Amino acid sequence: MTDTTRTAPRSFQEIILRLQTYWASRGCAILQPYDMEVGAGTFHPATTLRALGSAPWAAAYVQPSRRPTDGRYGENPNRLQHYYQYQVLIKPSPPDLQDLYLGSLEAIGIDVSLHDIRFVEDDWESPTLGAWGLGWEVWCDGMEVSQFTYFQQVGGHDCAPVSGELTYGLERLAMYVLGIDHVMDMPFNDPQSPIPLTYGDVFRQTEEEYARWNFDVANTEMLLRHFEEAEAECAAILAQSHDDPKTGKRIVMAHPAYDQCIKASHIFNLLDARGVISVTERQAYIGRVRALAKQCADAFVQTTAGGYAAA
Amino acid sequence: MPDLLIELFSEEIPARMQSRAGEDLKKRMTDGLVEAGLTYAHASALTTPRRLTLAVEGLLANSPTIREERKGPKVGAPEQAVEGFLRGAGITRDQLEERDTPKGAVWFAMIEKPGRPAAEIVAEVLEDTIRNFPWPKSMRWGAGSLRWVRPLHSILCILTTEAGAEVVPLDIDGIAAGNTTAGHRFMAPARFAVTSFEDYQAKLKRAFVMLDTAERAEHIWNDAQNMAFAAGLELVEDKGLLAEVAGLVEWPVVLMGRIGDAFLDLPPEVLQTSMREHQKFFSVKNPKTGRIERFVTVANRETADQGATILAGNQKVLSARLSDAKFFWENDLRVARAGMDAWAQALENVTFHNKLGSQGDRIRRIAALARELAPLAGADADRAEQAAKLAKVDLNSEMVFEFPELQGLMGRYYVEAAGHDAAIAAVAQAHYSPLGPSDDVPTAPLSVTVALADKLDTLTGFWAIDEKPTGSKDPFALRRAALGVIRLVLANDLRMPLDRYIDAQLLRHRYHASNGEAALRDLIEEIADHGVFGAAFETIREKLGDPDALEKLAGDVPDLSDDLLAFIHDRLKVFLRDEGIRHDVIDACIAMAGNDDLNLLVKRARALNAVIATEEGENLVQGFKRANNILTQAEEKDGVEYSFGADVKFAESDSEKALFAALEQARARIEPALKAEDFPVAMAAMAALRGPIDAFFDEVQVNSDNQVVRRNRLNLLSQIRGICSSVADLTRIEG
């Protein structure tokens with residue numbers, strides 16, 4: 001493998017590939033995105049659930065993320081309703097995590113001897129996940145390029161050991177590294193390729209389609225119903241006995257239940273974009289999703305991966 | 001005597017917590033050292049984003065040996081008693097001393113606590129300090145359980161004497177104290193050893209770390225000012241930002257950049273706020289145009305290209321930010337020019353407080369009260385109502401959503417853009433004032449009116465739903481609102497009976513909670529016109545025809561109203577304390593009728609305070625109290641009230657006759673003075689009674705055997721009470 005550090009990357013995908021290579025070389029399992037609609041990389045069970053329990057963990061992955069209210073029909077230079085996050089979670093957080101992180105910036109072509117990198121206080125909290133941590137947003141020349149968090153609690157459970165979480169907003173970071181002003185102009189693959197593609201070639205049309213659907217067309221009655229159904233299914237799954245009557249095994253269905261929590265959370269975001277949730281209702285909905293996340297966390301710590309050991 | 005140097009080296013400490021943490025480190029360490037017997041000559045704490053440092057000079061090398069004497073059982077006491085004493089004192093029998101006391105021979109123990117070396121004590125106190133450090137928020141990391149603001153990486157702890165430096169042996173959850181630290185994260189990351197504070201500070205400077213926050217702040221400020229000056233520009237002062245930025249860097253490098261031409265027409269406050277909040281940039285103003293044209297950013301390092309890459313990056317980020325701000329500004333202006341209906345509409349759906357309805361409801365209540373208050377402040381009722389309805393519409397603008405601290409200011413721009421005149425536009429900004437005890441109080445009649453209505457609506461609203469401040473908790477800033485009312489009324493010399501406006505507004509909240517029954521609304525209008533608990537009360541009740549509705553509406557409103565007025569009076573006491581007015585003086589004035597007219601109350605209190613400060617006044621109070629005590633006792637004993645006119649024809653002595661004459665004179669002066677609210681004159685007339693009252697008590701026995709004379713004298717005392725009480729309730733004066 002050639003050392004790509006200190007050479008400028010030429011495309012969005014090259015930045016992603018370099019991050020994958022970098023974190024793989026630092027011992028992370030490179031996972032694939034979760035196959036559901038989520039608002040951020042944190043929702044991936046590889047972060048939310050794996051931050052719980054005592055088992056060591058080290059994973060990195062790209063997570064497509066959806067924030068319906070951020071849709072701008074592809075016109076805004078850096079706001080998108082669908083974008084990518086790069087997520088790293090290591091448990092327990094290693095003592096040199098800051099240095100490891102700075103190494104990743106070098107890997108994608110940021111020469112730290114020319115730039116001003118800062119760790120600026122930013123405490124992270126996810127009301128829907130019942131999670132919080134302390135850390136920073138990382139600034140490069142005044143621009144926020146990552147979120148750096150030591151998880152303290154998830155789903156109402158104390159994290160012990162503590163996980164270190166890194167989140168990179170890939171489009172923004174790549175635009176910065178590549179010197180691009182409008183996201184749609186960013187080269188997706190190598191501009192020297194036989195068929196060069198920009199971010200706009202890949203996503204401009206979908207941004208338009210989804211913005212229209214998110215804001216004006218999505219069937220709110222159906223969505224409200226689906227929210228209720230996901231909530232009910234989550235509860236129903238978790239109400240099952242831990243002992244599977246068919247196989248006789250102990251099977252706690254934390255992940256299937258958590259899928260329903262993810263679903264409810266995304267539906268809430270869609271309803272929010274449709275403007276049918278009032279300020280007061282908003283809090284109530286967030287509380288309902290948080291209750292699901294909490295129950296899923298409770299269930300996960302009853303599983304082997306969550307640290308459960310049969311008596 | 002050794003010097004102590006401690007450095008706690010961690011990942012980046014939030015800027016806002018650093019200086020407090022330095023103070024806490026110093027206090028906890030020095031308190032602990034002194035308590036253990038280690039005194040010192042001087043201690044100072046220094047902080048950077050990655051380190052808390054404490055330097056203690058002239059520490060004792062050992063804590064002093066302490067000899068303690070303890071008295072034991074009598075000589076000849078049972079053996080168990082002596083042994084128990086020996087165990088308790090931790091000594092052996094040969095260390096006992098027999099001494100004669102008045103109660104006979106007694107065993108004494110001489111216990112000697114040997115002094116301990118400084119290193120031992122420092123290690124204990126430091127461990128305790130680290131484990132119990134009062135961070136506002138702390139965290140765990142890795143697999144450990146130690147808490148610190150961010151992961152703690154190393155502890156430097158050395159004692160330095162002429163013989164050299166010695167590491168204090170200490171291990172906290174695997175972090176062993178040593179004599180090394182690291183330099184700047186990027187410019188000199190290698191670890192190095194130090195031997196003393198001077199050595200530490202000098203080596204850090206060579207490793208690109210300025211240890212002292214004040215030095216960093218000064219460096220930033222000087223460089224920034226020089227840079228601006230060299231370009232013929234002016235740096236805009238911002239102490240809060242300077243303190244924050246000094247806490248974000250170990251090696252400050254100041255860079256100045258240009259703001260793109262496309263953004264120069266944004267309101268200067270928007271530029272400044274956006275740059276400060278998002279980028280932590282200072283603003284640089286062109287004194288000729290008054291516009292903000294450049295920015296200053298502070299990097300944490302030097303670079304080979306003299307900061308060119310850093311500046312270019314910052315400039316780009318700023319452009320993106322300002323593009324957003326410009327987008328908000330232009331969108332907002334479009335809504336404003338169209339009359340702002342969209343915002344007013346949207347505020348109907350924004351909750352102010354779940355028990356107090358939407359912002360729309362709140363604005364309607366404020367506007368209704370503003371109509372009533374307008375004439376008192378010399379404003380036109382229609383215009384006051386209109387200004388109140390516009391004052392908060394900017395809450396729904398995109399700019400205020402992005403920068404909440406620009407509320408009001410943006411309102412002023414937008415209301416003006418909507419075509420309203422400057423006086424109405426000014427209300428949007430001014431009605432939030434005054435925000436504290438020292439900032440400016442609005443004086444324009446429209447602004448005064450809406451500012452008062454806003455604050456009274458807030459106070460009455462939270463009183464109506466029983467969300468009053470308790471102890472240190474005041475989440476809705478109600479103390480500040482009450483102080484605002486006080487300052488608005490006093491500074492503008494407004495004469496208003498607060499009671500009736502408090503009542504009316506409490507009722508509006510009740511009306512709101514009742515979901516708006518029409519009969520109740522009419523009632524409130526009636527009450528607002530006449531005042532609720534005055535003479536109009538009966539009329540209203542008759543008019544209503546349904547007394548239950550009044551009960552439902554008013555309920556405990558009179559109690560709430562009294563309670564809120566008492567709260568405002570309490571704030572007034574705090575406010576007047578700075579003026580040197582005694583709290584008992586204010587109490588004596590609050591006890592008088594019309595105490596809801598704050599201006600009247602303050603005038604009276606100032607006059608009384610001035611009189612009481614004189615010898616005359618002080619003695620008068622004594623004389624009054626004496627008269628009042630005798631009278632009260634007699635009234636209790638006799639079971640009657642002596643308020644019948646005393647007659648001079650029963651007066652026996654000269655001093656008694658003189659008091660009759662003096663009281664007559666005083667009354668003649670006091671009554672018109674009170675009517676004219678000339679309290680100094682009324683008080684002076686009252687104080688003039690001091691001589692005759694003193695002479696009367698010197699010469700005359702009130703409780704005469706002659707019942708006619710006694711009754712007459714008691715009635716005379718009653719006149720003293722009556723006259724003095726018309727000025728203030730002197731029974732409340734202490735001393």
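**Exercise 1: Asp24(B) and its surroundings**

Apart from neighbours within four places in sequence, Asp24(B) is in contact with Phe133(B) and Pro134(B), where contact means heavy atoms within 4.5 Å. This is a predicted model, in which local features need pLDDT of at least 70, side-chain atom pairs count only at pLDDT 80 or more, and totals for chains, interfaces and linings use all residues. Residues are numbered from 1 along each chain as its sequence is written, chains are lettered from A and ligands numbered from 1 in the order in which they are written, and side-chain values use heavy atoms, with hydrogens and water left out.

Task: find the helix that holds Asp24(B), and decide whether Asp24(B) is buried or exposed.

Solution: 
- Step one: Asp24(B) sits in helix H1, residues 15-35 of chain B. Helices are DSSP runs of H or I with at least four residues, strands are runs of E with at least two, and both are numbered from the N terminus.
- Step two: the relative accessible area of Asp24(B) is 10%, so Asp24(B) is buried (buried means under 20%, exposed over 50%, partly exposed in between, with a 1.4 Å probe and protein chains only).

**Exercise 2: the fold of chain A**

Task: work out why chain A can be called as compact as a globular protein of its length.

Solution: 
- Step one: count the elements of chain A, which are 8 helices and 9 strands.
- Step two: the radius of gyration of chain A is 20 Å, close to the 19 Å from the globule rule for 311 residues, so chain A is as compact as a globular protein of that length. The radius is taken over C-alpha atoms, and the rule is 2.2 Å times the number of residues to the power 0.38.
- Step three: the C-alpha trace of chain A spans about 60 × 50 × 40 Å along its principal axes, and 53% of the 311 residues are buried.

**Exercise 3: turning to chain B**

Solution: 
- Step one: chain B has 28 helices and 18 strands.
- Step three: the C-alpha trace of chain B spans about 100 × 100 × 50 Å along its principal axes, and 52% of the 735 residues count as buried.
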